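Visitor: I would like to go through this model term by term. Please set each value against its definition.

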Amino acid sequence: MSDLVPLARAHCLPRRGDEHRLPEARVRELLPEVPEWTLAEDGKALVRSFRFPDYHHTMSFVNALAHMANREDHHPDLGVHYDRCEVRWSTHDVGGLSENDFICAARTDELAS
């Protein structure tokens with residue numbers, strides 16, 4: 001991913017193996033680009049909760065997120081509730097965070113706005 005391309009405009013690439021796990025310094029560089037996301041699981045995941053007025057809006061968001069994740073071939077863990085959805089991005093194949101997680105977090109933010 002080029003630093004000149006905004007995260008929400010970048011696309012995911014296949015990432016397998018430890019060499020694609022982001023070092024802590026790179027995670028700290030990218031985190032301000034997704035300011036409402038927090039690190040979880042000792043820095044191995046990005047998490048954010050999104051609130052909605054009702055179940056219909058929550059499910060609309062979840063469905064849009066599912067379509068985006070399918071296009072990017074990178075899938076989040078979700079906790080779906082009546083008026084909110086908790087989203088967790090992590091790249092299991094690298095054992096932590098990859099650039100794909102930050103790309104998808106930024107795209108998720110756009111879906112919610």
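This is a predicted model: local features need pLDDT of at least 70, side-chain atom pairs count only at pLDDT 80 or more; totals for chains, interfaces and linings use all residues.

Visitor: Which residues is asparagine 100 in contact with, leaving aside its neighbours within four places in sequence?

Guide: Contact means heavy atoms within 4.5 Å. With those neighbours set aside, asparagine 100 is in contact with Cys12, Leu13, Arg15 and His74. The C-alpha atoms of asparagine 100 and proline 76 are separated by 11 Å, at 24 residues apart along the chain.

Visitor: What makes the place of asparagine 100 a helix, and which one?

Guide: Helices are DSSP runs of H or I with at least four residues, strands are runs of E with at least two, and both are numbered from the N terminus. Asparagine 100 lies in helix H3. The chain has three helices and four strands, in the order α-β-β-α-β-β-α along the sequence.

Visitor: How do you know what span helix H3 should have?

Guide: The expected span is 1.5 Å times one less than the number of residues. For the 14 residues of H3 (residues 99–112) that gives 20 Å, and the end C-alpha atoms are 20 Å apart, so the two agree.

Visitor: Why is H3 called largely enclosed by the rest of the structure?

Guide: Because 11 of its 14 residues are buried. Among them are Phe102, Ile103 and Cys104, and also Arg107 and Asp109. The cover over the buried residues of H3 includes helix H1 (24–30), strand E2 (45–51), helix H2 (55–72) and strand E4 (84–89). Over the chain, 43% of the 113 residues count as buried.

Visitor: What radius of gyration would a compact globule of 113 residues have, and what does the chain have?

Guide: The radius is taken over C-alpha atoms, and the globule rule is 2.2 Å times the number of residues to the power 0.38. The rule puts a compact globule near 13 Å; the chain has 14 Å, which agrees. The C-alpha trace spans about 40 × 25 × 25 Å along its principal axes.

Note on methods
Residues are numbered from 1 along each chain as its sequence is written. Side-chain values use heavy atoms; hydrogens and water are left out. Buried means under 20% relative accessible area, exposed over 50%, partly exposed in between (1.4 Å probe, protein chains only).
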